[in-house]
Amino acid sequence: MYGKIKDHLTAELQSIKKAGLYKTERIITSPQSVEIEVEGKTALNFCANNYLGLSNSNRVISAAKRAMDTHGFGMSSVRFICGTQDLHKSLETAVSKWFKTDDAILYAACFDANGGVFEPLFSENDAIISDVLNHASIIDGIRLCRAQRYRYANADMNDLETKLKETQAYRFRIIVTDGVFSMDGNLAPMDKICQLAEKYDALVMVDECHSAGVVGKTGRGVSEFFDVYGKIDIYTGTFGKAFGGGIGGFIAGRREIIDWLRQRSRPYLFSNSIPPAVVGASLEVFEILAESDELHTRLTKNVEYFRKKMIAAGFDVKPTQSAICVVMLYDAKLSQDFAAQMFDEGIYVTGFYFPVVAQGQARIRVQLSAAHNKMQIDKCIDAFVRTGKKLGVVKDAVERDRLNGLQSQLSINKINDSH
Ligand SMILES: *Cc1c(COP(=O)(O)O)cnc(C)c1O
């Protein structure tokens, strides 16, 4: 009898709409790319996770079609019944090669990988120590498991050490962190985390969703950036961001861990195999990235260029070593007005505010891509400057040049770009 809950939901929906927390979706009618068609307008996209620009790559699309021709459309099976093709094994090999691990296992999404990783490995005799800013799927995965739960402040190594000291009596312990935190773009200090893990005999798990393909000298992720190869026990990640942006997730790591997950991980055992088109396309992504670092190099240059010009324009940009650039505005309404005016200028960015980020920490999150060219980035920056001036976030050009002039006179002997 649909009655009581209907009234309840109607009231709840009204209340989140009133609070400005109701999410709407802009309708895109083109493929995902830098230049997209949104609600009848052309816009430059600066809010996709399309870090390497592969979401609409001809090579990737052709590989998807080829895989459909040779391996069909759907598997109609989980992996262990009759859902494992040669392609699935090749992709698992490609993933483990990328992270330099013993083995890897595929999931329908990283949400499932994080949902299915803890429960088979840890029980009430064990402790999971998790960064407070970890992704929702890690939080859910921990909830599905009987281990004791501990949280430490974001990237706070003193707090992590305190939690490691508190949990010495447990059988197994694991430290769990995102590689790049999605709302700030900051990196987890994996070198220090691995040192603490060694000191206190804990395992280490990192979620590489926003770091794989992006972070490190050639984009191999946090182990390349911090040179901690061999010290991380479990990597989770997605094909839905830098690696083509389709769908699918994975776990890479120690042989026995992966083997055990194949036997016991519930989203792996009880959910369908990834379809051949997605597997074939993802394999092509690893081919492309094995051939050259060109896309990653371009991404790095784009991030540096954007940050430098935005800081020079007077914006408060958070430090980052990822492709997530956060422009701080602090005020919730301002962040929404700002994003709306940017969209009117043909630039698609997203404003975030409480409860997605802390109270009084509203911001615009800009995500750079290897597919952006200099002209498009300049267009984005110009729109930021115009909107920033209109909304009183940055000073106008004359005033800024005057201040910059004063600044450079003051620091004439200090040729030191701290950014
Ligand atoms: C995007 C994301 C996920 C979810 O990945 P899907 O493959 O889209 O399910 C998990 N963890 C983090 C940190 C993410 O950013």
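Visitor: Which residue in β5 does D131 stand opposite?

Guide: D131 sits across from Y152 in β5. A quick note before going on: this is a predicted model, where local features need pLDDT of at least 70, side-chain atom pairs count only at pLDDT 80 or more, and totals for chains, interfaces and linings use all residues. Residues are numbered from 1 along each chain as its sequence is written, and side-chain values use heavy atoms, with hydrogens and water left out.

Back to the sheet. Strands β4 (residues 127-131) and β5 (residues 148-152) pair in the parallel sense over five bridges; pairing takes at least two DSSP bridges between two strands. Strands are DSSP runs of E with at least two residues, helices runs of H or I with at least four, numbered from the N terminus. Between β4 and β5 the chain passes through helix α6 (residues 136-143), in a right-handed β-α-β crossover, meaning that with the strands pointing away from the viewer, the path from the first strand over the helix to the second runs clockwise.

The whole open sheet has seven strands in the order β3-β9-β8-β7-β6-β4-β5, with mixed pairing. β3 (103-107) and β5 are the edges: each has a single partner strand, so one side of each lacks a neighbour in the sheet.
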